[in-house]
Amino acid sequence: MEKLINVTRSSLPEFEEFCREIAPIWESRWLTNMGEKHKALQKALEERMDVPHVTLYTNGHLALENMIEALSLKGEIITTPYTFASTTHAIVRCGCTPVFCDVNEDDYTMDVTKIESLITDKTVAIMPVHVYGSLCDTDAIADIAKKHGLYVLYDAAHAFGVKKDGVDAGCFGDVSMFSFHATKVFNTIEGGALCYANDGLVTRLNDIKNFGIHGPESVQYVGGNAKMNEFCAAMGLCNLRHLDEEIAKRKIASDRYDGHLSGVAGLRLRQPQKGVSPNYAYYPVIFDGYKYSRDQVFEKLAAENIIARKYFYPITNSFDCYKGLEGFDPDATPVAKRLSENVLTLPMYAGLSVEEVDEICRIILE
Ligand SMILES: *Cc1c(COP(=O)(O)O)cnc(C)c1O
């Protein structure tokens with residue numbers, strides 16, 4: 001193809017719509033520090049997700065770190081290696097120890113049958129990931145956490161807009177983190193949020209994201225800086241208006257892929273989850289005994305200017321920065337390891353045309 005098709009393309013509102021949204025910032029000269037746009041986006045998200053509290057961040061990663069800090073967690077956190085670097089790094093950077101649970105073959109989320117054997121007297125929390133927007137087995141995880149007195153902290157970076165039986169993905173566990181990075185289904189350029197019900201966390205989180213400053217003359221915590229600025233919040237307000245439309249467009253592309261690729265020997269596609277309305281964030285394909293390997297398909301597509309992504313590869317427990325450290329062993333999570341060696345996420349975004357999907361599939365199948 002002449003034109004480059006990238007694995008993703010950021011959603012943007014009409015230029016004029018964004019200009020209208022940011023015009024008041026020129027009048028107020030209030031650029032950051034919880035201004036009007038910040039307040040409006042926070043409220044809009046609380047309403048849309050029907051969650052008691054949303055705290056906004058400069059990005060999803062700092063939201064994760066601030067969450068661990070706010071709960072004063074010290075010890076082991078059960079998580080999975082089949083995720084973006086951020087999940088594992090946040091745990092390690094906050095001085096906790098990640099304990100890796102394998103994922104299941106069906107939706108690539110945490111294998112709930114393997115959690116309990118990993119719990120020790122040092123375990124403080126479970127941090128599962130709603131991989132590709134597929135929801136974890138939230139009921140089973142809640143039961144295990146309750147039985148052992150553990151926090152459940154979801155990395156919901158992929159799951160914005162997903163609902164299960166009408167309940168928003170932000171409502172599960174003690175806290176859920178969303179990323180609003182440019183490549184996500186809903187973006188604020190860079191940004192993120194924590195969603196939670198615990199009233200006691202509101203002030204603490206707000207303080208920690210602003211240097212621990214609690215009042216004009218009171219600094220309560222050794223906090224950092226993770227505030228979302230007004231321009232990012234304004235982008236969020238614009239993009240939120242079009243979110244349902246964007247997800248509907250993604251569905252058209254996703255259905256088109258399904259039409260070409262389902263039932264093909266050696267290709268494994270993600271199965272729909274019961275009761276879940278998806279956000280079509282990614283289109284992962286597992287090349288499992290297919291006539292071409294994952295890497296061959298990646299190269300064939302690249303030769304035609306189509307950029308797929310080996311996502312997640314490598315898995316986090318095999319990163320160079322963790323080599324040789326105790327507990328970081330990709331062979332201990334064989335399902336995640338195999339998936340990572342055989343997965344490609346194909347181009348997926350709201351503006352991807354059915355003709356482009358046809359072309360991508362032709363190259364994969366020929
Ligand atoms: C994007 C992402 C993050 C980090 O979010 P940023 O907003 O980029 O900091 C964390 N976890 C997962 C699974 C992600 O995909």
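The model is predicted, so local features need pLDDT of at least 70 and side-chain atom pairs count only at pLDDT 80 or more, while totals for chains, interfaces and linings use all residues. Residues are numbered from 1 along each chain as its sequence is written, and side-chain values use heavy atoms, without hydrogens and water.

The largest nonpolar core has 59 residues. Such a core is a set of buried Ala, Val, Leu, Ile, Met, Phe, Trp, Tyr and Cys residues joined through side-chain atoms within 4.5 Å. Buried means under 20% relative accessible area, exposed over 50%, and partly exposed in between (1.4 Å probe, protein chains only). Residues with the most contacts inside this core include Leu 41, Tyr 82 and Phe 160. At least two core residues come from each of several elements, among them helix H2 (36-49), strand S9 (192-196) and helix H7 (230-241). Helices (H or I, at least four residues) and strands (E, at least two) are DSSP runs, numbered from the N terminus. H7 gives the largest share, four residues. Domain 1 (15-241) and domain 2 (243-365) both contribute, so the core lies between them. Domain bounds come from an automatic or database domain assignment.

Phe 160 touches Leu 45, Phe 180 and Leu 243, among others, not counting residues up to four places away in sequence. Contact means heavy atoms within 4.5 Å. A second, separate core of 26 residues includes Met 67 and Val 175.

Cys 171 sits in the loop between strands S7 (167-168) and S8 (175-179). Its relative accessibility is 31%, so Cys 171 counts as partly exposed. Beyond four places in sequence, Cys 171 touches Met 49, Asp 50 and Val 51.
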